[in-house]
Amino acid sequence: MLRDVEARVIRNTRLSRDYNVIALAAPEIAEATQPGQFVMVKSGRGGDPLLRRPFSVFEVLRSNNRVEGLTLLSKRVGVTTKILYDAVEGDTISCLGPLGRPFDLVDPPTEAWMVAGGVGLAPFATLGDALLAHGVKTTLFYGARTGGELFYLDWFTSRGIRLVLATEDGSIGDKARITIPLDRELQEADGEVVIYACGPEPMLEAVAHVAAKHKRTSQVSVERTMGCGMGGCYSCVIQVRSEAGSERTRPAHYVRSCIAGPVFKGEDLVWD
Amino acid sequence: MKTLSGTDLSVQIGALRLKNPLIAASGCFGYGVEYAEAVDLSTLGGVAVKGLFLKEREGHPPERIVETPSGMLNAIGLQGIGVHRFIREKLPELRQLRATVIVNICGSTLDEYVELARILSDAEGVAALELNISCPNIKEGGITFGCSLHGTFDVVSAVKKVTPLPVIPKLTPNVTDVASFARASEEAGADAVSLVNTFLAMAIDVETRRPKLSNIVGGLSGPAIRPIAVRMVYECRRAVKIPVIGMGGIASARDMLEFIIAGATAVQVGTANFVDPFIWGKLLAGVTDYVRRHNIARISDLVGTIDTTSREKQWISS
């Protein structure tokens, strides 16, 4: 059920000069969130910023078997992300959600390979947990500009999620874009693999191509400039191909990524 | 219709009785059904659905919106499913939700407006037609009518001839004298006018020197435009006898009251719904509280009651 919660900041952990993880007391939203869904955050007072901004739910926080809130992984790039970076315990942040179409989970023996670029790590903590609960063997391919921007590595390894890392400066893992080790490992994989990806759009496009090249399906989570998150404004559109299997063939057309997505099948998207 | 407090919030738009003066603005509320989880659509005075052409439209490529100080600039380009799919896919659900549906129609030609009006008059569950003659974001039709007094007169009278539904032209603020367009609408038989559509505007990324919208220009909405919209509603109210439906940056009950006092019989809320889809109940509660505090029996008694005389009198008497 959709809710708007004036959420108290439980804590705010700054991971680097730009990245932070902010914990918000919005248990009603956290409890209802499925992996890949997002919240619309309003951080300002009055008219600045006026509109909300979308954030994937990063973690669902539990203590003593009770859900106490959720966290958001944020990278400081604009007004809202600066407010989220600077927020202190006790501040309130308005949180609307959960919103959007989640990832489709797979079942064993199919393996799940999650591909994250930078702040695109955000949906993979909840997805990783859900996949492990399904007994799915899970790998995280995680790329960033530099090793100092790879976060939560222990969080994933301690759960038994295998890590494959790449950095543009080579400080950790392959000195390459993350799609290079993805391509290499897909070459060698012989079992069923489903690929999940979130990150910059050029990365998503590359992931979709690599997946298609190796005849694997991919689910990618896109981020477009979004006005409302609920299908009201038609700002966040992305082009998709005609629906596979539908009786009507339509040319590529725009759909609202907030309600038709943010998760799409990689092969359905038309990249601009 | 009286609320429990004994306050009558209902208003009259032509032959149409709205249970309250609060209408969801076209272009800001999808087809209404998207918001059913946030608001009981039957509690709203009306729901103005996204502008419809005869045929489906793709709209402009992204970027389609950009935020500006206290405002939002958009150039969506009227992406839409067309009138036939609307009647098939959305209207049954809107009927089930007991929404008072105001369909916003757009045409490239006068004949297209007439055809749309005919089709929608035969559909079950349409309460009124809003004529979009004011979208700043598409080249063909629409605004061409809205920027010419003759064009406005012609499209309103042509539509009036073919429909029994209340007809509400939505006026553009991108003209010198909006009141003259309200007058042309009234003379052509309009049941009400709604205003304002968005203000033509633009924003540029100085680093790349590129426009921030793919369409280069777009329409500005939100609190930034509110005082201009209030002034225009005030001017139109003085120019015509038909009801004026006011909109432009309403984000609180006080904003809504400001429009009503300026002369709006009903109001529409758009951009604020993006920020808070639960705003509707808060707006109605705030307005109810106001009329109760001021001992106003009917909200319609408040319409156009702006007092422009008292200060002058005080000056004279002192």
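This is a predicted model: local features need pLDDT of at least 70, side-chain atom pairs count only at pLDDT 80 or more; totals for chains, interfaces and linings use all residues.
Chain B contains ten helices and 16 strands, and along its principal axes its C-alpha trace spans about 60 × 50 × 40 Å. A compact globule of 318 residues would have a radius of gyration near 20 Å, and because the value for chain B is 19 Å, the chain agrees with that expectation. Of the 318 residues in chain B, 56% are buried. When contacts in chain B between residues at least 6 apart in sequence are considered, 70% of them join residues that are at least 24 apart.

The largest nonpolar core comprises 189 residues, and the members that touch the most others are A:V115, A:V207, B:L129, B:V193, B:V233 and B:V267. The most is given to this core by helix α6 of chain A, residues 201-213, which supplies seven residues. Within chain A, domain 1 (3-99) and domain 2 (111-222) both give residues to the core, and it therefore lies between them.

Turning to the meeting of the two chains, the contact takes 23 residues from chain A and 29 residues from chain B. On the side of chain A that touches chain B, the residues divide into eleven nonpolar, seven polar and five charged.

Notes
Residues are numbered from 1 along each chain as its sequence is written. Chains are lettered from A and ligands numbered from 1 in the order in which they are written. A nonpolar core is a set of buried Ala, Val, Leu, Ile, Met, Phe, Trp, Tyr and Cys residues joined through C-beta atoms within 7 Å. A residue is buried if 20 or more other C-beta atoms lie within 10 Å of its own, exposed if 12 or fewer, and partly exposed in between; C-beta atoms are placed from the backbone. Helices (H or I, at least four residues) and strands (E, at least two) are DSSP runs, numbered from the N terminus. Domain bounds come from an automatic or database domain assignment. Two residues are in contact if their C-beta atoms, placed from the backbone, lie within 7 Å. Ala, Val, Leu, Ile, Met, Phe, Trp, Tyr, Cys and Pro count as nonpolar, Asp, Glu, Lys and Arg as charged, and the others, Gly among them, as polar. The radius of gyration is taken over C-alpha atoms; the globule rule is 2.2 Å times the number of residues to the power 0.38.
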